[in-house]
Amino acid sequence: MELRAENLRVTAGRREILRGVDFAARAGEVAVIAGPNGSGKTTLLRALTGEIAHGGRVALNGRDCAALRPAELALLRAVLPQAAALSFPFTALEVVRLGLTAGVPGTRAATGRLPAMALARVGLAGFEGRHFHDLSGGEKQRVQLARVLVQIWEPVLDGAPRWLFLDEPVSALDIGHQLQVMAIARDYARAGGGVVAVLHDLNLTAMHADRVTLLDGGRVRSAGTPAEVLTDATLSAAYHCRLRTNTPPPAGGPWILPQAADHCQEEAAE
Amino acid sequence: MAIPVRGAGPLAGDRRRRAARLRLLLGAGLAAAMLLSLGWGAAGETDVTAALLARAGLAEASLRDSVIVWDIRLPRMLAGVLVGAALAVSGAVMQGLFRNPLADPGLVGVSSGAGLGAVLAIAGTGLLPAALQSFVGPWLLPLSAFAGGWLAVLLLYRMATQNGRTSVATMLLAGIALGALSGALTGLLVYRATDDELRDLTFWNMGSVAGVTWARLGAAAPFILAALAAAPFLARSLNALALGEAAALHLGIDVQRMKRIAILAAAASAGASVALTGGIGFVGIVVPHLLRLVQGPDHHGLLVNAGLAGAILLLLADAVSRSIIAPAELPIGIVTACLGGPVFLWIVLRSRAQLEL
C-alpha cells in the first residue's frame, strides 16, 4: 500500500510552482519533502492532500484521490497545517475533539477519552481546559498535532494504512519537542501507517527520514534514502551554498554542517 | 492502540454538559416568557386559559377573550418566538461562516438587503397580473425578502473572502456599502410609491411584532422553520470551519456545499424575519456572544441555545415595548437597539486587539 503521485503541476497566475513532480511514499516509512525556500515543498503537500487544484494524479492506497469525497479522504489521511488559525475561543480539548469530525469507524461509543489521550501523547496532559488562544506557539502546534492524531488514531484501518501529512511540524518547537514530534511520526510509521512530512531542517531529515524527496525550483532534484540524497554535491547545488555532509560514528546517517559560502553571502548582502 | 471505554464525568475543558444544562434552563425560560406574553396585554382582564381550552371544547370563553387570545396575542407571541430564534440563529450561523463574532444580519447589510426585497415586493405587487397576484399574494413578501437577504449574504461572502480567508475589515465595510445601497434603493421606491403603498411601507418599516396576523405568520414561518431545522446539521461543519477552510476540508467537510447551505439558512431566517417584523437589530450579535461566554463556542450547543435565548429576548423586549409607554407601544427595534447597542460596544472594546481593522 502506498501513496503515489505522478506529474503534479501547480500554477499560480503565470508562475509555475510545481513543474511535473513525481512522488512516492510507502506505508511503514517516514517520507520527507525537503528543499530550499520557494522550492514548492508546501505546495507539493497541498497537492498531495487535495487542498489545491493541480494537474497530474494522486493515488492513496491505490485509490484515485480525485474520486474520493472529503468524508472518505478524512478517514484515510489527516493533515497538520503549517500554522492554524482558530476563530473562536475553544479549549485545547475542544480543538482536539474537532479531529473526530469525520468519526471513528466502528468505535463510535468508545472515543470519549481519545482527545485526552492524544493530548498526553504530545506532552500536553493537563492542558485540556486551557484556552487555545492563551497557549504558546509551540503548545498550539502540539495541540493541532493531537487533533490530527485523533482523526487517524489507528494507523491501520481494515487492513489499509492511514496517512499522516505534516507541514513543517517542528517549526515552532524547541529541540526537545522537535525530537518528541519526530518520535510520534516514527511510531506511527512503525505501527503500519504512512508519514509524509515537509521539513526545513536537513539534520532532522537525515536522522528521521526513510526516504527524502529534495525539491528545487518546482522539480525533484533528487529522491531516495537520506544517504543517497543528502550529499555535498546535491545539497550545494540545491541550496546554492557550500555544505559538508558528514557521518558521525553512532548514528550512521549523514549530518550536515553549513559553512558560510558564496551564494548565501551574496543573497544576504542584497 | 486500544481505545478505552468512555469514563465517568466530564473532562476539564469539556463544556458540553454546561450547554445541556443551559438548554434546560432556557427551555423553561422560554415557556415562562411565552405564558407571560399570552397573559399580559392592553385588554385588561382576559381569561387566557379558558380561551385556549375553549378551542378544544374543554371550557367556555367569551368571544372577546377568544379573539384577544387567538387572533391578537397568539400570532404575536409566535411571531416573537420565531423571529427571535431566527435572528439569533442566523447571527450564530453567519458568525461561524465568516469566522468572526461581529457578523450579524443587521450589521452587515443582510437585513437591509432583505428590507429592499420586501419593499420591492410591496411596491411591485401592483405590477403583477391580477391572477398571479392572488396566487403568490401572501408569499411574495417573505420570498422577496429572502431573495434580497440571500443576495446580500452571497455578495458579502464573495467580496470578503479571498483565498479562503475572510477579512473582517472588508466584511464590515462591504456590509456598510451594501446597506447604504439597498437603503438608497429602498428610499427611491418609497419616494415614488403611491399613498396606499406608502402606508404599507411605513407600517412594515416600524419594525414590530404588533399586528402580526395568522396569514402573514403562515407565509413567513416555513422559511424560518426550515432554516431553524437546518441549523443543527451545520454545527459540525461550523465547528470544523473555525480552523479554516483547508483544515475543515481535511476533517472531511464538503466546504463548498456547507457554505451554500449556511448562506441559504442565514438568508432564509433573516429575510423571513425582516418580512414579518421589519428591522430588529442586535439580537443576532448579542445572544450568540453572551452564550459563547457561558458555554463556549461549540456550535452543537450554541445553535439550539441561541434559538431559545433569542426567542426569550424578543418576547421580553416585546413586553418592555408594550409597557414602557403604555397604552402606546414603542417599536420593538428601538428596545433591542437600546439593549444591544451597549453590549455590541462592549464586545468591540473587549476584542479591540483582535479586530485588525
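Strands here are DSSP runs of E with at least two residues, helices are runs of H or I with at least four, and both are numbered from the N terminus; two strands pair if DSSP finds at least two bridges between them. Within this pairing, Phe165(A) has Val196(A) as its bridge partner in E10(A). Strand E3 (residues 30–34) of chain A also runs parallel to E10(A), with 4 bridges joining them, and Val30(A) stands opposite Val195(A).

Is E10(A) enclosed or open to the outside? Of the 5 residues of strand E10 (residues 194–198), 5 are buried, so the strand is largely enclosed by the rest of the structure. Buried means under 20% relative accessible area, exposed means over 50%, and partly exposed lies in between, using a 1.4 Å probe and protein chains only. Gly194(A), Val196(A) and Val198(A) point one way from the strand, while Val195(A) and Ala197(A) point the other way.

## Two buried residues to look at in chain A

Pro169(A) sits in the loop between E9 and helix H6 (175–190) of chain A. With 2% relative accessibility, Pro169(A) counts as buried. Leaving aside neighbours within four places in sequence, Pro169(A) is in contact (heavy atoms within 4.5 Å) with Leu80(A), Gln141(A), Val181(A), Val198(A) and Leu199(A). Leu199(A) is 30 residues from Pro169(A) in sequence, and their C-alpha atoms are 7.5 Å apart in space.

Thr213(A) belongs to strand E11 (residues 211–216) of chain A, and its 8% relative accessibility makes it count as buried. Not counting residues up to four places away in sequence, Thr213(A) touches Phe23(A), Val32(A), Ile33(A), Ala34(A), Val220(A), Ser222(A) and Ala223(A).

## An open sheet in chain A

Chain A also has an open sheet of 4 strands in the order E2-E1-E4-E5, with antiparallel pairing. Its edge strands are E2 (15–26) and E5 (63–64), each of which pairs on one side only. Strand E1 (residues 2–12) and strand E4 (residues 55–60) of chain A pair in the antiparallel sense over 5 bridges.

## Chain B as a whole

Turning to chain B, you will find 14 helices and 2 strands. Of its 357 residues, 52% are buried. Its accessible surface comes to about 16200 Å², with 68% belonging to carbon and sulfur atoms; such areas come from the Shrake-Rupley method with a 1.4 Å probe, and for residues only the protein chains shown count as cover. Among contacts in chain B between residues at least 6 apart in sequence, 74% join residues at least 24 apart.

## The nonpolar cores

A nonpolar core is a set of buried Ala, Val, Leu, Ile, Met, Phe, Trp, Tyr and Cys residues joined through side-chain atoms within 4.5 Å. Which residues touch the most other members of the largest nonpolar core? Among its 146 residues, they are Val143(A) and Phe98(B). Helix H3 (residues 63–98) of chain B gives the most to this core, with 17 residues. Domain 1 (2–230) and domain 2 (231–270) of chain A both give residues to this core, so it lies between them; the domain bounds come from an automatic or database domain assignment.

## Aromatic pairs

Over all chains, a search of the whole structure finds 3 aromatic pairs. Rings of Phe, Tyr and Trp (its six-membered ring) pair if their centres lie within 6.5 Å; planes under 30 degrees apart count as stacked, over 60 as edge-to-face and the rest as tilted. The rings of Phe98(B) and Tyr157(B) have centres 5.4 Å apart and planes at 65°, so this pair is edge-to-face. Phe98(B) lies in helix H3 and Tyr157(B) in helix H5 (residues 130–160) of chain B, so the pair ties together parts that are 59 residues apart in sequence. Both Phe98(B) and Tyr157(B) are buried.

Phe282(B) and Phe344(B) form a tilted pair, 6.1 Å centre to centre with 55° between the planes. Phe282(B) is in the loop between helix H10 (255–277) and helix H11 (283–295) of chain B, and Phe344(B) is in helix H13 (residues 332–350), so the pair ties together parts that are 62 residues apart in sequence. Phe282(B) counts as partly exposed at 23% relative accessibility, whereas Phe344(B) is buried, with a relative accessible area of 17%.

## How to read the numbering and values

Residues are numbered from 1 along each chain as its sequence is written, while chains are lettered from A and ligands numbered from 1 in the order in which they are written. In this predicted model, local features need pLDDT of at least 70, side-chain atom pairs count only at pLDDT 80 or more, and totals for chains, interfaces and linings use all residues; side-chain values use heavy atoms, with hydrogens and water left out.
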